Amino acid sequence: MRLSALLSFLLLLLLFSTSTLTLTNAHNITRLLSHHPSFSTFNHYLTITHLADEINRRTTITVCAIDNTAMSALLSKHPSIYTIKNMLSLHVLLDYFGAKKLHQITNGTALAATMFQATGSAPGSSGFVNITDIKGGKVAFGPEDNDGNLGVFFVKSLEEVPYNISIIQISNFLPSDVAAAPTPEPSRMNLTDMMSAHGCKFFADTLLANPEASSTYQDNIDGGLTVFCPLDDPFKAFLPKYKNLTAAGKVSFLEFFGVPIYQSLSMLKSNNGVMNTLATDGANKFDFTVQNDGEDVTLKTKTATAKIIGTLIDEQPLAIYTINKVLLPKELFKAEAPTPAPAPAPEKAADGPKSSKDDTSAPSDSPADAPSDDDPADQTADDSAGVRFNGGRFVAKVLSVCLGLLML
């Protein structure tokens, strides 16, 4: 009986460990849709608008896919890629609606928020979609800004992972004048005006006064750009040091606050590690380390640590965040050596003769006493490894205890 109970316990433990590992594997919308060739155009535009990445980061989502014929109608007016992104964002519901749930909607109707609404670009209720279970077993869809017209219908379920992701086919694209409105290209956005209006005027003015660095920022917007903008008070206090830099140093310093890829806040919260910047050039690393503490995101170099405290814009392909300190790249600013601790006083020998010379301890030359020069990324990797293997050590310990009980 004892053996049977222990074996059952071990089996449950292993099942729990396996299920925990399985839960960490996120869905992949591109791979799921690749099983359905008639949706290849829809799948293609999810990829090039980067909506696929945003969908994959969500844990509860419904994608209202449209086939290649419907996509041709959507593309017939030749909208910009940024307008296409808004239109397709309206087809991503921030809730789970499988085929069964669609036919069992409470009171027969529901109002679902969409990814378009979550971007902040949809005024009022224009980012919501009405879902109604109508007579004859049909389920109709209609954007809230379409005067209540429900002219799009549920066709079939394509893929379902219950309460995680549902991919359903609808009969046509969801018409919305707001989502389909022409969207300006990010490269036409004035970065310095945006920064100046939100507490980063000193950084913006300094960037504007440096044509080379300013041009680098502007040239990288369309391909993806993330900017970490120091607020006015810390940057104003730093300006005397900035003025002492060489011309090349000033360019590198300003470019150090830009990253040549788009990083949403959720991506920064989930990805720790070293991040290259616009100033990175071969041997000149000019990088910093992203580390998280709960909801806080910090950026660290060997000379400074700054925290993200605000978001000016977070919309593919551009993100601008405010930080509370000025990041100092180690290539331009050396870290101050830590003050060594005072050496302990030498112990006196009991009843022994007094030394004719006072004992003083010279600083140790041992590598163990030197300040660590490890890359922060290595430290992060080690910490992550510890987290990854904690579960394994726990299982091993439980197995050891159980085997000990069996031997009693």
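E212, A213, T216 and Y217 in helix α12 meet V251, L254 and E255 in helix α14, where contact means heavy atoms within 4.5 Å. By class, this contact has 4 nonpolar, 1 polar and 2 charged residues. Ala, Val, Leu, Ile, Met, Phe, Trp, Tyr, Cys and Pro count as nonpolar, Asp, Glu, Lys and Arg as charged, and the others, Gly among them, as polar.

The model is predicted: local features need pLDDT of at least 70, side-chain atom pairs count only at pLDDT 80 or more, and totals for chains, interfaces and linings use all residues. Residues are numbered from 1 along each chain as its sequence is written, and side-chain values use heavy atoms, with hydrogens and water left out.

Now the helix geometry. The axes of α12 (residues 211-220) and α14 (residues 247-255) come within 9 Å and cross at roughly 30°. The two helices are therefore roughly parallel (angles under 35 degrees).

Next, the sheet. It is open, with 7 strands in the order β2-β1-β7-β6-β5-β4-β3 and mixed pairing; two strands pair if DSSP finds at least two bridges between them. At the edges, β2 (92-93) and β3 (109-113) each pair on one side only. Strands β1 (residues 61-65) and β7 (residues 165-170) run parallel, joined by 5 bridges. V63 has I167 in β7 as its bridge partner.

Finally, the rings. The whole structure holds 15 aromatic pairs (Phe, Tyr or Trp six-membered ring centres within 6.5 Å). F203 and F235 form an edge-to-face pair, 5.5 Å centre to centre with 85° between the planes; edge-to-face means planes over 60 degrees apart. This pair links distant parts of the chain: F203 lies in α11 (residues 201-208) and F235 in α13 (residues 232-243), 32 residues apart.

How values were computed:
Axes fitted to C-alpha atoms, helices over the stretch in contact; angles between N-to-C directions. Helix = DSSP H or I, 4+ residues; strand = E, 2+ residues; numbered from the N terminus. Parallel < 35°, antiparallel > 145°, perpendicular 65-115°, else oblique. Phe/Tyr/Trp six-rings, centres within 6.5 Å; stacked < 30°, edge-to-face > 60°.
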